[in-house]
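This briefing concerns side-chain contacts in one protein model. Please consult the sequence and the structure shown below while reading.

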Amino acid sequence: MARSDGAKTPVFLPDDVVAALNSGTHSAPFDVLGPHKSGNRRWITTFQPDAIDVIATVAGKETHLPRIAGDVFSGPVAGKTYTLTMRYADGSTYTTRDPFSFDPVLSDFDQYLVGEGTHKELWRVLGAQTTKHEGANGVHFAVWAPNAQRVSVIGDFNMWDGRRHPMRPAGNTGVWEIFLPGLGEGALYKYQITGADGHVRDKADPVGFGSQHPPEQASVVRDISGYGWKDKAWMQDRAARADRAQPISIYEVHLGSWRRRYDDGGRPLSYQELARDLVNYVKYMGFTHIELLPVSEFPFDGSWGYQPVGMYAPTIRFGPPNEFRDLVDAAHAAGIGVLLDWVPGHFPTDAHGLAQFDGTALYEHADPREGFHQDWNTLIYNYGRREVKNYLVANALYWLEEYHLDGLRVDAVASMLYRDYSRNDGAWVPNKDGGRENYEAIAFLQEMNIAAYGADSSVMTVAEESTSFPGVSQPVHNGGLGFGYKWNMGWMNDTLRYMEKDPIYRQHDHHLMTFPIDWAFTENFILPISHDEVVHGKGSMLAKMPGTDWEKFANLRAYYAFMWTQPGKKLLFMGCEFAQPEEWNHDAELNWGAAEQPAHKGIQQLVRDLNQLYQQTPALHAKDCEASGFQWICNDPQQSTMGFARLGAQDDAPVVVVCNFTPVTRSGFQVGVPEPGFWEEVLNTDATAYGGDNRGNLGGCTSQDAPADGQAQSVVLTLPPLSVVVLKKRDKVN
């Protein structure tokens with residue numbers, strides 16, 4: 001056939017096909033673009049908007065491709081390997097290999113695993129991969145959109161024109177792919193998707209390694225290969241650091257508001273600045289781990305990262321991916337682990353995100369009774385869909401492997417476990433047995449933990465779970481969810497309720513401090529004072545405390561000492577360690593000026609000393625998760641006093657902790673001790689170094705053969721007001 005202008009065309013380019021190419025509606029453009037045979041000749045067909053001439057060059061021989069119609073050029077050319085040179089009206093030219101001349105990149109095995117929903121290294125095959133393919137350097141793009149009618153990659157390299165680089169299906173996987181030669185690090189892109197509903201959507205890459213700075217929404221090509229890690233020794237030895245018998249003390253950090261550079265427009269510190277300043281501070285304070293509020297790319301600062309869009313992209317707010325690695329590497333060099341807050345429980349409805357990704361409820365449930373979080377106006381993943389579960393499990397492994405993170409704290413687990421979470425009757429869909437448990441979410445969490453610990457048993461996973469769901473930190477093969485640790489939300493709620501009361505009323509609620517021990521060993525617990533306790537009108541930790549200014553600080557000192565000596569690992573949100581007077585504000589840095597004031601500096605010194613005491617005293621950590629490591633000694637609700645022992649192995653020096661939660665000095669206070677000998681006062685929250693008045697016991701006391709509290713021996717103490725005194729048996733080795 002021939003056009004009116006006399007141009008001849010191959011049989012695979014009828015008028016309707018050419019029209020579809022020009023309009024960007026052809027459903028299978030790889031069937032016609034690139035090199036294809038027609039009769040006994042090989043034709044090269046290309047779509048080149050704005051070009052006035054297109055030349056195909058094979059082995060140095062140039063062939064001008066005639067314009068067929070619109071922006072479609074096609075002509076017979078011998079040879080499959082060629083370059084295309086486009087000439088434009090302004091005299092400029094551009095030469096490239098033809099993306100439609102390359103074979104598919106995804107192997108049959110990768111396609112099989114993706115289709116099966118079992119590709120644990122999904123990030124190596126989907127997203128934007130910088131690679132060399134058939135002799136050309138470029139980027140391979142691949143995205144899962146099984147119900148799309150058409151998918152194109154658009155970007156700054158093709159004028160954001162979805163007609164230029166339509167993608168091809170990869171078998172029956174639902175994945176679309178294309179290799180673009182000549183592209184590399186820093187290219188901006190999105191996927192333009194004609195959905196099952198016929199609507200066109202521009203979407204960020206669900207597996208993209210980088211993103212633009214919000215409010216811009218494009219993904220960014222990032223080459224994350226070849227980073228020069230220097231933490232081999234740390235990685236080899238870290239298994240011991242995550243063990244239940246080891247001291248774990250976590251500093252929770254929101255990177256955007258820890259410190260800011262007010263000499264540079266008030267910007268937050270970069271990853272590289274944090275690698276120096278944050279790591280040095282955490283090391284000075286004696287914390288064993290840093291836990292980062294979510295860094296997966298998120299569009300809205302006010303979500304603090306808890307509404308992520310780029311699950312595979314460290315936020316660009318503080319630097320590119322390799323600079324985030326610099327932060328982790330620096331922490332490891334300082335002997336500090338890094339945990340990441342991970343959010344697989346929901347995702348935002350932003351148009352460029354996962355919502356209605358291919359014109360259907362692909363990642364989410366179609367029924368809002370299952371797929372919409374009323375509390376947060378977000379969407380819930382369809383954990384029962386194998387590809388979605390694969391996407392999330394692979395994401396967990398991605399952060400652990402590619403960024404050497406030492407663990408994941410999983411956000412809002414309770415909202416995942418129950419179908420009726422925060423829902424009224426009739427607003428939720430029961431499971432197949434008519435119950436409220438979300439079987440699919442349970443199976444996902446189990447699979448994630450199996451995969452994480454199976455890939456590297458030295459990591460830790462932590463559940464923020466606020467209910468009494470059984471076995472959260474028990475192995476999957478024993479019927480548990482498989483987490484390493486669980487936040488003890490009940491302990492936090494009860495003890496803070498007690499501390500917020502005027503001391504005159506505490507005698508009526510003594511159980512709030514003692515009852516939590518009844519379940520303290522049902523899970524592997526972390527005691528959390530997290531960001532959630534100092535936002536949304538809850539006030540700062542200092543502001544929660546009753547009384548005069550002196551009493552507020554004394555109360556807080558006593559509470560921290562109680563926390564550090566109770567069974568369980570520790571977590572403290574930034575700013576709480578120096579008693580920041582104000583509620584946390586994510587838009588400003590912490591009040592470091594307050595930290596220089598004596599009373600605040602005293603709290604900071606106490607937390608530092610508590611970390612040191614906790615780590616250097618096996619009795620305070622070796623049996624954090626075992627009932628045999630704790631023993632009540634005395635409890636007197638009327639006086640608001642209590643005493644308990646912490647015990648390690650047989651050769652570990654026992655510790656006795658005595659608490660006075662009233663503003664009255666208790667002189668001549670007799671308390672039983674488990675062994676005879678000299679009991680050294682290793683910590684007293686009333687020390688002048690912490691802002692107290694130095695009322696104490698002259699460094700310790702020797703036990704007497706005077707039975708008390710069920711013990712054969714006892715000591716007589718002075719308990720300062722609103723204080724905790726910690727005694728350690730001196731003649732033991734540790």
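The points that follow cover salt bridges, charges over rings and aromatic pairs.

The model is predicted.

- Arg-164 and Asp-50 form a salt bridge in which the closest N and O atoms are 3.5 Å apart.
- Arg-164 belongs to the loop between strand S11 (150-155) and strand S12 (168-169), while Asp-50 belongs to the loop between strand S2 (41-47) and strand S3 (51-58), so the pair ties together parts that are 114 residues apart in sequence.
- Arg-164 counts as buried because its relative accessibility, 14%, falls under the 20% limit.
- Asp-50, by contrast, has a relative accessible area of 55%; this value is over 50%, and Asp-50 is therefore classed as exposed.

**Two further salt bridges**

- Asp-71 and Arg-67 meet through their side chains in a salt bridge, at 3.7 Å from N to O.
- In this pair the acidic residue, Asp-71, is buried at 18% relative accessible area, whereas Arg-67 is partly exposed at 33% relative accessibility.
- A salt bridge also joins the side chains of Asp-197 and Arg-201, with an N to O distance of 2.6 Å.
- Here Asp-197 is partly exposed, its relative accessible area being 35%, and Arg-201 is buried, with a value of 16%.

**A salt-bridge network and charges over rings**

- A network of salt bridges links Glu-121, Arg-124, Arg-325, Glu-401 and Glu-402.
- Arg-325, one of the residues in this network, also has its charged end over the ring of Tyr-403, 5.0 Å from the ring centre.
- The charged end of Arg-259 likewise sits over a ring, that of Trp-258, at 5.5 Å from its centre.

**An aromatic pair**

- Tyr-498 lies in helix H10 (residues 489-499), and Phe-661 lies in the loop between strand S33 (655-660) and strand S34 (666-673).
- The two residues are 163 residues apart, and their pair links distant parts of the chain.
- Both Tyr-498 and Phe-661 are buried.

Technical notes: Residues are numbered from 1 along each chain as its sequence is written. This is a predicted model: local features need pLDDT of at least 70, side-chain atom pairs count only at pLDDT 80 or more; totals for chains, interfaces and linings use all residues. Side-chain values use heavy atoms; hydrogens and water are left out. Helices (H or I, at least four residues) and strands (E, at least two) are DSSP runs, numbered from the N terminus. Buried means under 20% relative accessible area, exposed over 50%, partly exposed in between (1.4 Å probe, protein chains only). A charge sits over a ring if NZ of Lys or CZ of Arg is within 6 Å of the ring centre and within 35 degrees of the ring normal. A salt bridge is a side-chain nitrogen of Lys or Arg within 4 Å of a carboxyl oxygen of Asp or Glu.
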